[in-house]
Amino acid sequence: MGTLLPHLVTESAARFPERPALVMDGRTLSYAGLESLSNRFAGSLAGHGVRPGDRVALWLPRSIESVVALYGVMKAGAAYVPVDPGAPPARLAYIARDCAVSGLVTVAARTAALEETFAAGAPMRAVWLAEEAPVEAPRVAGLPNVTWAEAGAESDAAPGIRALEGDLAYILYTSGSTGEPKGVMLSHRNALAFVEWAGDVFQVTHEDRLANHAPFHFDLSTFDLFAGARAGAAVYPLSPRIASFPAAVARQWCSDRLTVWYATPSTLVLMLTRGGLEDLDLGALRVLLFAGEVFPVKYLRELMRLAPRARYANLYGPTETNVCTWLEVAKPPEDDRPLPIGKACPYDEVLVLDESLKPVPTGAAGELWVRGATVMRGYWGRPERTALALQPIEIAPGVTDLAYRTGDLVRVQGDGNLEFLGRRDHQVKTRGYRVELGEIETVLHRHPAVDEAVVLAIPDDEVTHRLRAVVVTKSGVALDEAALRQHCAESLPRYMVPEAIEFRRQLPRTSSGKVDRRALAQPQTTLNPEPRSSDET
Amino acid sequence: MTATESAIRDFLVNEVLYDRDLKDLKPEDPLIARGLLDSLSILKTVTFCEERFGITVPDQDVLPDHFESVRAIAALVDRRRAGG
């Protein structure tokens with residue numbers, strides 16, 4: 001077994017050169033093809049000055065080329081930094097500067113939007129256009145554009161770069177409570193600990209066909225891509241054209257006879273409630289994995305009824321630890337109690353601690369800490385944040401290790417499974433994405449007319465939470481709601497933009513003077529309601 | 001622009017798309033190819049069409065072909081109004 005993620009492709013290319021590695025939109029790339037193209041891409045990166053230890057941003061819709069680029073970056077000894085393809089240019093620019101990327105991989109249609117963003121200079125040395133058709137694109141900050149044909153003209157010999165399993169493989173930026181996203185640094189070894197375990201326990205083989213639904217900035221994708229490559233299986237990246245249409249996704253996966261699905265409960269629930277799964281043939285489905293949020297049990301039961309022969313598992317873990325606990329759901333749950341998050345995966349250890357960092361007894365609530373092979377190396381460029389998140393914990397007398405503080409409150413049940421109770425802060429999930437409400441509030445505060453802003457997460461059966469903002473303006477007069485949402489969309493990814501914004505003259509306060517979020521979440525206690533600025537008829 | 005197209009266009013521009021550059025969105029402009037619609041915005045658009053035009057849109061009609069552009073959504077609405 002290889003010690004770096006791209007070796008998984010190299011080894012499968014040796015064993016199964018002609019088998020499909022990637023299948024998308026009617027195109028297939030074999031393992032031999034993926035190995036050769038990613039070697040060429042690595043050569044192109046190196047030729048333009050990308051060095052081992054560098055970072056390269058990926059900001060493009062999902063495609064076969066985007067996966068080639070991802071492996072190419074790692075083969076060049078660099079870490080890939082996937083940026084939400086739906087994020088605005090300002091967020092890409094923030095991330096690109098934060099971790100000083102030396103390359104950017106995108107598509108021609110997106111470069112025009114970057115001219116202004118990077119007018120004052122860009123950290124990268126070149127911009128790679130990862131698309132087959134030859135295209136003309138404006139230059140970003142005077143940098144050279146490298147076309148797919150130019151990158152493909154490099155030698156297909158392995159780049160011969162020696163890297164270590166502790167080196168960074170990728171950096172995933174997550175929402176930050178102080179208003180700035182933070183980069184979670186993960187090594188090859190971090191990823192492989194999970195990938196090797198998951199590949200074995202779910203028995204992924206070269207005969208499997210894996211769905212890839214999660215975008216690359218979301219760590220669910222590490223299972224699809226890397227457990228697939230390790231087995232020599234076919235990975236089916238979901239076409240961006242159909243990704244937002246549950247009925248289209250359901251038909252595609254069933255007609256492609258995909259055997260392994262890994263997605264968020266939001267995705268699966270929408271496929272169930274609006275995707276017509278009932279009328280489709282789920283006979284090929286062998287393993288169904290879900291993670292990222294709580295799966296409402298009534299929907300899970302329904303899914304298990306439609307595909308009774310498949311294996312089901314709830315995987316849990318923040319980006320900082322990838323998957324750290326899991327629960328196999330052997331039979332449909334009988335009652336509607338929330339599904340536990342299970343027990344630690346064999347490569348990690350979970351600790352349930354009280355405020356003084358002492359273990360709590362079974363049955364008591366505490367905060368979940370995680371140590372072990374998948375725990376991140378830290379946050380890029382933020383030693384203070386890293387020191388708060390990774391702390392030395394004495395796990396036995398005289399034995400101390402760094403553990404990651406999840407912020408999740410849990411309880412150990414009598415059977416040893418962990419029960420998820422909630423958060424100790426204002427982090428929420430929406431459509432499986434992790435969102436710090438404080439980051440959205442910071443962006444709202446940046447608007448010159450906003451005096452106070454609070455963002456609420458309203459529980460929702462299908463997508464876990466919907467986001468609603470309550471805003472007090474300096475003038476006391478409501479703003480144009482659409483314009484304020486646009487203001488948010490200029491620096492936040494779409495899933496973080498509040499769906500509705502309510503304007504009030506003042507916010508309810510608790511006796512200690514803090515904003516009373518609980519009162520705000522209840523519409524009947526509305527104070528001084530301001531008429532909505534919409535033209536509802 | 002037909003009345004249906006105009007109502008759908010205004011809804012998208014004001015409630016869904018959040019982008020200043022789209023103030024002059026045309027009925028034939030691509031929505032999906034430009035990555036403008038996520039699953040929640042599609043659900044909101046379907047609900048809007050159902051309430052505004054008094055139709056029902058079956059789940060199996062919520063497919064990319066029918067959401068390609070404002071014009072495509074309007075054609076779906078008009079077909080549903082005609083009972084098709």
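## Two helices in chain B

In helix 1 of chain B, Ala7(B), Ile8(B), Phe11(B), Leu12(B), Glu15(B) and Val16(B) meet Ser41(B), Lys44(B), Thr45(B), Phe48(B), Cys49(B) and Arg52(B) of helix 2 of chain B (contact means C-beta atoms, placed from the backbone, within 7 Å; helices are DSSP runs of H or I with at least four residues, strands are E runs with at least two, numbered from the N terminus). Sorted by class, this contact has 7 nonpolar, 2 polar and 3 charged residues (Asp, Glu, Lys and Arg count as charged; Ala, Val, Leu, Ile, Met, Phe, Trp, Tyr, Cys and Pro as nonpolar; the others, Gly among them, as polar).

## Where the model comes from

This is a predicted model, where local features need pLDDT of at least 70 and side-chain atom pairs count only at pLDDT 80 or more, while totals for chains, interfaces and linings use all residues. Residues are numbered from 1 along each chain as its sequence is written, with chains lettered from A and ligands numbered from 1 in the order in which they are written.

## A sheet in chain A

Over in chain A, 3 strands make an open sheet with mixed pairing, in the order 25-26-27 (to pair, two strands need at least two DSSP bridges between them). Strand 25 (450-460) and strand 27 (500-503) of chain A are the edge strands, each pairing on one side only.

Strand 26 (residues 464-473) of chain A runs parallel to strand 27 of chain A, and 4 bridges join them. Val470(A) has Glu502(A) in strand 27 of chain A as its bridge partner.
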